[in-house]
Amino acid sequence: MHTTKILLAESEIPTHWYNVVADMPNPPAPYLAPNGELITPEMMGAIFPPAIIEQEMSQQRWIPIPEEVREIYRLWRPAPLFRAHRLEQMLGTPAKIYYKYEGVSPAGSHKPNSAVAQAYYNKAAGIRRLTTETGAGQWGSSIALAGSMFGLEVRVYMVKISYDQKPFRRSMMQTWGAEVIPSPSPLTASGRQILAEHPDSNGSLGIAISEAVEEAASRTDTNYALGSVLNHVLLHQTVIGLETRKQLEQVGDYPDMIFAPCGGGSNVGGMMFPFLADKAAGKNIRLVAVEPGSCPTLTRGHYAYDYGDTAGLTPLMKMYTLGHDFMPPGIHAGGLRYHGDSALVSQLYHEGLIEAVSVPQIATFEAGVMFAKAEGIIPAPESNHAIRATIDEALRCKESGEAKTLLFTLSGHGHFDMASYDKYFSGELEDFEYPKEALDAALLNLPKVSAPA
Ligand SMILES: *Cc1c(COP(=O)(O)O)cnc(C)c1O
């Protein structure tokens, strides 16, 4: 059994990010204020630097990557693409399986691809501090890393349950010099309000975002950084798909199907958008976002305008949502526990260009353990979702005898998630289908607003 590891030279780190907006069949639904008016760049200026706002609203197809950002990308990019020969053999499938490994970054996931860019643009705009939120700690550690590279102070509001359960992610952030605050906290009005109503709150991403945004909006030396969902984050992540296209060209291959785990949609967009133009041009390629059954945003959520946070401080975005007051069940893929999804991914899903499936938790760990035994790398619980869907497809190929080419993003390694693997091994993990009543209840709390004609 040989190993196929497809590498690119450093000079082939992309020089431009790809902006899918230029090639979408319809323009993206605009962001709105709660009164239904369009969000203007000035309104976003309180928490974002000008270059990021420009990217957020840009329709330009190719956006240059600053040399300072490419220089830091060189620490781990280009990321390797592997052919999973050993997994194919273990499954006995005629399908070919490729995976792009983003766990080679210092923080262990794809998230630094955007964190580094965001830190750079904030530094260039004269900002001194960044606030952000983190769930499982992957985004927090990425922005802590990026902050240390550019000499920015970083304060991370970390969802309380993860703060207690994931002490090592917290230590990583502290190693890179960030301050980590369990959320909800008494430091912000949003946090104080939640604590008054629910003193024992476990926190949620929606609450932590409210706290980070509130603080950034109240200080001129401080901006906010978001780890997924927004257009500019997906833009930065397109280095994943751009490199992968080149790597597949090197071996003369092209995917029939691409799978990626979907939380806020940044690695979905990052991997799939560079292939989307081919699909729009008639190429037969299927793009599948994979989410947990316990947080089924795309597969069971409402397509509607909603807030990105719990307190309602963010603009309204048209997206698939479980409701901004969604309290996620304590599943072990912390990075997938967000109530909403990228507006771009949501719209492309709504228009049928991207598909979505949901998978139950225990089956994702089963897939992750199979993958680790075959390929060696221990995947992040989030990545296990894409692995599950890929394995299911490879097994369908075995039934039908089809030799499809499958590709997935291995978005991160699971070295800081071994407590979750322990729970799987000891039989303590549970499957949790998000209840229909909760979905219906969420609909009632959606903000009442419609887009201007
Ligand atoms: C955050 C995270 C995800 C989910 O976030 P997206 O923005 O949907 O990509 C997936 N995998 C890993 C390893 C993560 O850290």
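User: Is T132 buried or exposed?

Analyst: A residue is called buried when its relative accessible area is under 20%. In this predicted model, T132 has 1% relative accessibility and so counts as buried. T132 belongs to strand β6.

User: Which residues does T132 touch?

Analyst: Residues up to four places away in sequence are set aside for this list. What remains for T132 is W139, I143, R155, V156, Y157, A212, Y224 and A225. One of these, A212, is also among the buried residues of helix α10.

User: How is the length of helix α10 read?

Analyst: The distance from the first C-alpha to the last is set against the span expected at 1.5 Å a residue. Helix α10 covers residues 205–217, which makes 13 residues, and reaches 18 Å, close to the expected 18 Å.

User: Why is α10 described as largely enclosed by the rest of the structure?

Analyst: The burial cut-off is applied to each residue in turn. Of the 13 residues of α10, 11 are buried, so the helix is largely enclosed. L205, G206, I207, A208, I209, S210, E211, A212, V213, E215 and A216 are the buried ones.

User: What covers the buried residues of α10?

Analyst: The cover includes strands β6 (129–134), β7 (153–159), β8 (179–183) and β9 (222–224), together with helix α9 (189–197).

User: How many residues of helix α15 are buried, and which are they?

Analyst: Helix α15 runs over residues 343–350, and seven of its eight residues are buried, so that the helix is mostly covered. These are A343, L344, V345, S346, Q347, L348 and Y349. They pack against helices α11 (231–237), α13 (266–280) and α14 (297–300), and against strands β12 (302–307), β13 (316–321) and β14 (355–359).

User: Where is I377 found, and is I377 buried or exposed?

Analyst: I377 sits in the loop that joins α16 (361–375) to α17 (381–400). Its relative accessibility is 16%, so I377 counts as buried. Leaving out residues up to four places away in sequence, I377 touches Y99, Y101, F371, A372 and L410.

User: What is H85 in contact with?

Analyst: H85 is part of helix α4, residues 85–91. With 12% relative accessibility, H85 counts as buried. Apart from neighbours within four places in sequence, H85 contacts M1, H2, T4 and E375.

User: How is the whole chain read for shape?

Analyst: The radius of gyration is compared with that of a compact globule. For 453 residues such a globule would have a radius near 22 Å, and the chain has 20 Å, which agrees. The C-alpha trace spans about 60 × 50 × 45 Å along its principal axes. Its secondary structure comes to 19 helices and 15 strands.

User: What share of the chain is buried, and what share of the contacts joins residues 24 or more positions apart?

Analyst: Buried residues are 62% of the 453. Among contacts with a separation of 6 or more, 77% join residues 24 or more positions apart.

User: How are the surface and the charges read?

Analyst: The accessible surface is about 16,600 Å², and 53% of it belongs to carbon and sulfur atoms. There are 36 positive and 49 negative side chains, and the centres of the two sets lie 4 Å apart.

Notes. Residues are numbered from 1 along each chain as its sequence is written. This is a predicted model: local features need pLDDT of at least 70, side-chain atom pairs count only at pLDDT 80 or more; totals for chains, interfaces and linings use all residues. Side-chain values use heavy atoms; hydrogens and water are left out. Helices (H or I, at least four residues) and strands (E, at least two) are DSSP runs, numbered from the N terminus. The radius of gyration is taken over C-alpha atoms; the globule rule is 2.2 Å times the number of residues to the power 0.38. Buried means under 20% relative accessible area, exposed over 50%, partly exposed in between (1.4 Å probe, protein chains only). Contact means heavy atoms within 4.5 Å. Accessible areas come from the Shrake-Rupley method with a 1.4 Å probe; for residues, only the protein chains shown count as cover. Lys and Arg count as positive and Asp and Glu as negative; His and the chain ends are not counted. The place of a charge is taken as NZ of Lys, CZ of Arg, CG of Asp or CD of Glu. The expected span of a helix is 1.5 Å times one less than its number of residues.
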